[in-house]
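I opened the model to look at helices, overall shape and domains. My notes follow in the order I took them.

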Amino acid sequence: MKISLALDSTSLTRRYPRLAVLVTLFMAFGLPLGLYVAALAVFPFNRPELLNAAAKEWLGWELAASPYRNLVYTGFLLLVAFIAVNYTAVFGGVSTWVERRVAGRMQSRIGPNRTGAAGFLAWVADAVKMVLKEDTIPASADNLLFRAAPYFSMVGLLLPFVVLPFGESTVVADMNVGVFYVTAVTAFVVVGILVSGWASNSKWALFGGIRGAAQVLSYEIPAGISLMVPVLMAGTLSLQGIVRAQGGCPWEWFVFQNPAATVAFIIAVTSSLAEGNRTPFDLPEAESELVAGYHAEYSGFRLAIFLMVEWANMWIMAGLAVTLFLGGWQIPFVSHAVYESARGSGLVPAPTWFLLQVASMLVFIVKTWALVFFFIWLRWTLPRVRVDQLMTLCWKYLVPGAFLCFIVTLLWLLVVPPMAVKITGILLTVFAAALLVKFLRDTRRNIDRVKGDRVDLSNW
Amino acid sequence: MAESVRAYFGHITEVVKTFWEGLTVTLSYMARRPITVQYPDRTEKRVADTLPSRYRGLLEVDMAVCTGCLACERACPISVIKITTDKDPTNPKQRVIAQFDVDESKCMFCGLCVEPCPTGAIQHTREFESTMKSIDSLVFRWVPDPEKPVPVYRPVKGQDAPRAPVGELLRKRMAQTSWISPPSILVPEGPKKE
């Protein structure tokens, strides 16, 4: 009798379906929401003068004159870093689940749907499995480099979070060299890839690492130049400044401000896909040729870090494109002055200011998730390109195209009057909306073409 | 020169067109119903009931129409079936079946036993979920108690044997036992293990 009980209760969540739903809801909404709230509560106050004022107001402590002030500032920065790191990990995990479910439906199957409600806890189970696995190091590998490589990648992933704005004030630091900083630190990922490829002492890994290096170096050029287009239009390198130069409505976004910016947006997204090693540019880990490429020899926690970097990179890519081209966190019809007047003069801002912040974060998150979905969708649509095709695309098409966009934008800024820019914005928005409608109609036509098929979102 | 320029821009338009087509195709599949059957617990019908009627699943014996002719036991190439017949002590003219064991763990579902059966008492069902914790639980005893043997059926001329619907008896039996319930002790001995 005892044995039969033990066998029947293999899974707690199977015995208590409501518990499964509760845990899923907590992981799916509670966890990210908690992180967003923490970010909103901590990020805007990550400035010495604000901390000094808060210490004086609430603790009666002259922090600015205290010998421990640097310790306090560092502690606060560690809190900020803790939130950012956890956000990356959670996003990386959730996006693997989203990717698997989307991929499943696109291939007429379902994907993971058993662990937790709708299979959402699959990513938690995967993470636990990865951590519990043995961390093997090949006997002939370069021990130190092999161990260090994942952390290079992780640093490259985490550093852009310093300047990536989640909302009007929800940003760790508004650097005046923001765009330049992002393009510089994202290249750290490829250091990790190259080091892991070299240190593994395996032909597959080495090929993967070298491919990764060649790919990222080539695509840095079109990426950098196409990112210069919004910089030119805003007149600043600061990411917050670039967002403030745009508006909330689509026709005020940089992507629709001039035709060259639209092309630059496409080039920037393509080359960020290539830099992030996303399909169709995942040559460094092409499983059909290189087993798993640069992380072929990795297992356990180190492999988990590589995979987390790969998926969480989508947030950086999408977030950067949204910030630079798609209006970032700008809420339609809410100007900069509204935030200023809502903040009030007190140390703690007024509730309406927090509401505005939440709305701006929501706008940013929705746009970024839409772009992340696009990346996932692209991955399950396109086959992997060959190395020569990759290089042809970069050097023959994207590099000249990016330079052309750069020059056209310069001329546009000099020649075209503001009124014409406004008209172009509205025209391009209408054109994009028309394309979207045509696209959805074509999708509909594809469904209707097959007899008996219809739009049916059941069978989860 | 003009040709290479045309080729260059031709590639770009080709990329745009093919991307457009490819993305509409994948998105359209996302809006359709996945064809996956969520076996075992999220199917509209029991999967066994959706199988073709001539599916060769677990064997089922209707003892009410078994003539005790041993044709199936003889037909089985791997001695899955073991039948013991006897005479009724109270009525020596009446033959009775004291044991009818089918070892499903050994059965290869060839159907040779079904062919010679004169009344259709032994039949393949569409049931296939036969996982048991103990392999001995897969010996199906169609005469549950050897102390209470079953009288043989005498066919009536020009009349079909009143066989129970195929699958009903087996389903009833499987519903009574859980896959983890311990096997009954095999007295008398069942089919030989090899």
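Predicted model: local features only at pLDDT ≥ 70, side-chain atom pairs only at ≥ 80, totals over all residues.

I then checked the length of H4(A), which covers residues 48-59 of chain A. Its 12 residues reach 16 Å from first C-alpha to last, close to the 16 Å expected at 1.5 Å a residue.

Next I went to H12(A), residues 259-275 of chain A. At 1.5 Å a residue, its 17 residues should span 24 Å, and the end C-alpha atoms are 24 Å apart, so the two agree. I looked up burial too. In H12(A), 13 of the 17 residues are buried, so the helix is largely enclosed by the rest of the structure. Just after H12(A) I found another positive phi, about 55°, at A:Asn277.

I moved on to chain A as a whole. I count 18 helices and 0 strands there. The C-alpha trace spans about 75 × 65 × 55 Å along its principal axes. Chain A has a radius of gyration of 24 Å; a compact globule of 460 residues would have one near 23 Å, so chain A agrees with that expectation. Of its 460 residues, 40% count as buried. I also checked contacts between residues at least 6 apart in sequence: in chain A, 78% of them join residues at least 24 apart.

Last, chain B. The domain assignment gives domain 1 as 1-32 and domain 2 as 47-155. I noted 64 Å between the C-alpha centres of these two domains of chain B.

Technical notes:
Residues numbered from 1 in each chain as written. Chains lettered and ligands numbered in written order. Helix = DSSP H or I, 4+ residues; strand = E, 2+ residues; numbered from the N terminus. Expected span 1.5 Å × (residues − 1). Buried ≥ 20, exposed ≤ 12 C-beta atoms within 10 Å, placed from the backbone. Domains from an automatic or database assignment. Rg over C-alpha atoms; globule rule 2.2 N^0.38 Å. Contact = placed C-beta atoms within 7 Å.
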